[in-house]
Amino acid sequence: TTTKRQKLSGPLVFNAKTAELMSHHQVEVNQSYPKEGWVEEDPKEIIQSVYECIERTCEKLHQLKIDISNIKAVGVTNQRETTLVWDKETGEPLYNAIGGFFIHLGEQVSLFALSVVWLDLRTQSTVEGLINKTPGQNKNHLKHKTGLPISTYFSAVKLRWLLDNVDEVRQAVLSERAMFGTVDSWIIWCLTGGRNGGVHCTDVTNASRTMLFNIHTMDWDPELCRYFDVPMEILPKVRSSSEIYGWMKSSSLTGIPISGCLGDQSAALVGQMCFKEGQAKNTYGTGCFLLKNTGTKGSVAIAGAVVRWLKDNMGIVQSSSEIETLAAAAGSSYGCYFVPAFSGLYAPYWEPSARGIICGLTQFTNRNHLAFAALEAVCFQTREILEAMNQDSGVPLTMLQVDGGMTSNRLLMQLQADILCMSVVRPTMSETTALGAAMAAGAAEGVEVWNLNPDHLPHITSEKYIPQINCDESEFRFARWKKAVQRKMNGAPWGVPPTSPPIRADP
């Protein structure tokens, strides 16, 4: 078993009138890799880190002479697909969380936001078995109800794996002691009392990523549950994303309502204030997640994770920030293209068996070119999803709003504008996921300290990146990227690399 420390973006506290970030705290949690493709977290360590973050953040507020009685509500946000099962009588987890993890908290609205990594591939054989029993072995067989393909990505197949492979889970289900949830459910249950009356719930944005939720009826679907052979009684109650679910039962925030819950990418859409049809945002974190205000979403498995791979696995960079320096020194990938399909390819391909490839290497290629190619890969994947969204929605995007840790990389943001041939706008306050959960918590009935009417939204300062190359060059580079993807998927020919680096047009 390999173990790594994962830094958590801890509790963030926002002012409900100005959206100003008042305070935050970070901790680290162990992330284990028992086998290749497996990613796990200890649920007890997760909840302990939550309590630690709450207390440290309250201490920081006290140092800032901010009275914690001004905290009016708590919101939760999490990476959605990670799966947990626990014993409702003992409060003990029955297995590690299948996935991985990071955190956030929120003055006047307090936010706790938790995110858990979803890059776990142990369910590949489970997925294959489920697809094989569909008519025509069609991975989109359930899409008319779920909006999702059958994939290792989503919670139902992880839960099916637990039921098939973990005796403690199976026995708890038979004795009616088991509770299933994504990380939001585990956190809310624990914070509201656990085995002493804890609230077992989730919200629609998290439920929609399980493959057990009918996106038309907006509730758990009996037919889907039968298909995955999942007992409905272990599922959390589905609630809206903005209402009072319960009250904090311990910690310095005892008595504060928990009134916001969104999956991280939906929270970021709210935090970016994309309330108009056709507005979209892209979050650059471990993966890339592009959401458009039509209910459309696309996921890129590997984004920030490719930088971590270059650092931890290859030793090409010593720190994540160094990749921008190396890539800028190259100014081009010099015909090198990187498809970082470490966990398969997600949207628009949904091909879990795909693996990474680097094409176009020459004697001239060095680590600077690889760094540049890695950043370009993130941008190419975003463009692929954006084009699919534009086709599905019929509403072409003219500007992309961005957030997430990688947006501090200015070269990446400029590359994204160049490759999309459109402007990219980054808010100077990058914690929009946490902000979105805080807004939902503050807007809930019974709290009402945050007005989501567009006329009352706070102004968020931002910086804008404008394309600096011509669209022909962008199209050329994107076409080469797609050749690299197809080479990996079906052996399409690669061809000869260009004889010189692409020439940038004048701004």
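Visitor: Is D472 buried or exposed?
Guide: Buried means under 20% relative accessible area and exposed over 50%, with partly exposed in between, using a 1.4 Å probe and protein chains only. D472 has 64% relative accessibility, so on that scale it counts as exposed.

Visitor: What am I looking at, and how are residues numbered?
Guide: It's a predicted model, where local features need pLDDT of at least 70, side-chain atom pairs count only at pLDDT 80 or more, and totals for chains, interfaces and linings use all residues. Side-chain values use heavy atoms, with hydrogens and water left out, and residues are numbered along each chain as its sequence is written, from 1.

Visitor: Which helix holds D472?
Guide: Helices here are DSSP runs of H or I with at least four residues, strands are E runs of at least two, and both are numbered from the N terminus. The run covering residues 471-490 includes D472, and that's helix α15.

Visitor: Why is strand β6 largely enclosed by the rest of the structure?
Guide: Look at both faces: V74, V76 and N78 point one way, G75 and T77 the other. Strand β6 spans residues 74-78 and is largely enclosed because the number of its five residues that are buried is five.

Visitor: Which residue of β18 is the bridge partner of V74?
Guide: Strands pair if DSSP finds at least two bridges between them. Strand β6 has five to β18 (residues 257-263), running parallel. In β18, V74's partner is I258.

Visitor: How many disulfides are there?
Guide: The rule asks for a pair of cysteine sulfur atoms within 2.5 Å. By that rule, the count is zero.
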